[in-house]
Amino acid sequence: ANQWAKIAKEAGMKYMVITTKHHDGFCMFNTKATKYNVVDATPWHTDPMALLSKACNREGIKFCTYYSVMDWHTDLQQAADTNADHPTYHPTTLTHPKQYIQYMEKQLHDLITQYQTHLIWFDGGWLKGWTAEDAHQVFNYIQNINPSIIVNNRLGYGVGDYGTPEQTIPVRGLPGPWETCMTINDTWGFKRDDTNWKSVSTLITNLIHCASGGGNFLLNVGPDGTGVIPQPEVDRLLAIGKWLKVNGEAIYGSDRTPFETVLPFGYATQKSGEVFLEITKWPENGEITVPMKNKIIKAYLLADKHKRLKTETGLNGQIIILPSAALDSVANVAVLKINATVVDD
């Protein structure tokens, strides 16, 4: 747990979502709702969520929990196809909704009160028989315990606080808060023969892309059977963290791009009085044109804050004169100080 939390911190992560119950129904936390849990049903008799919650708290990482509504183990749901030779458990059919929601509420109460979870990341809400009334009941139950807990949108029926596109990033983002969840290779869990690792360049660019659309980037890791995060994943996480130590100002607490058009050199984010240009395609002529009319008070690169960049007003916006060579091989961030809201050219 300590190692995971330290890796997350070094990667620049601000929160961690851990799978506490997946579709198989096995609980990776201590709960009196069922004996089908890691404390009661394994020789270890240890609660890994208690360990991880404490480790995250020590490292300043917000501890968050994934929980599947679909459950292949409970007798309150049944296989959609009960054929004895080839039953279909994905999805299941909810046969006793009242009792199952009571079961859920006991477990959610444990997650909230035992581990002080900041966010509940639901999944599996597409099981048959799950209704809008069920989704609202569960959401309201959580709010009644702690209204500050964030809930994603996978209870279904428009219930929840934010959107969760999976393995893809909306080109222009989504209206309202959202977060893309994505794997580092092609697998959500651990798969020893999946070595199709995304490059550091791709992962950093994906992070920037999410931020430019007003979203977060939830990057998955799959620890092996001994609890070790594979080294290729660790290497990539630490590389992202190294980039963020220099350029995180453009990502953390930023708002979505102020520009309606796609920028040929990369992406943009903004804060009050500042525009951040994430340059992922370094221009051959050493110049980029920003499609805005605002006067630039000051311009510089986050990697070299003490050296001001020259700017000019051109026919299509403000021209930024860059150094002859990029300082970072993946993405360089230019900061434009302005005194008003961006006026798109």
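Reader: Which helix and which strand each supply at least two residues of the lining of the second largest pocket?
Author: This is a predicted model: local features need pLDDT of at least 70, side-chain atom pairs count only at pLDDT 80 or more, and totals for chains, interfaces and linings use all residues. Residues are numbered from 1 along each chain as its sequence is written, and side-chain values use heavy atoms, leaving out hydrogens and water. Helices (H or I, at least four residues) and strands (E, at least two) are DSSP runs, numbered from the N terminus. The two elements are helix H5 (200-212) and strand S9 (266-271).

Reader: How much space lies in the second largest pocket?
Author: On a 1 Å grid over the protein atoms alone, a pocket is an open set of points with protein on both sides within 12 Å along at least five of seven lines, and lining residues have an atom within 4 Å of a point. Points join across faces, edges and corners, and a volume is the space filled by probe spheres set on them. The space is about 260 Å³.

Reader: Which residues lining that pocket are the closest to its centre?
Author: The lining holds 18 residues. The closest to the centre are Ser212, Val262, Leu263, Gly266 and Tyr267.

Reader: Which residues line the largest cavity?
Author: A cavity is a set of points where a 1.4 Å probe fits but cannot get out. The largest has a volume of about 30 Å³. Its lining is Leu301, Asp304, Lys307, Leu309, Pro323 and Leu327.

Reader: Why does Gln143 count as partly exposed?
Author: Gln143 sits in helix H4 (residues 132-145). Buried means under 20% relative accessible area, exposed over 50%, partly exposed in between (1.4 Å probe, protein chains only). Gln143 counts as partly exposed because its relative accessibility is 21%.
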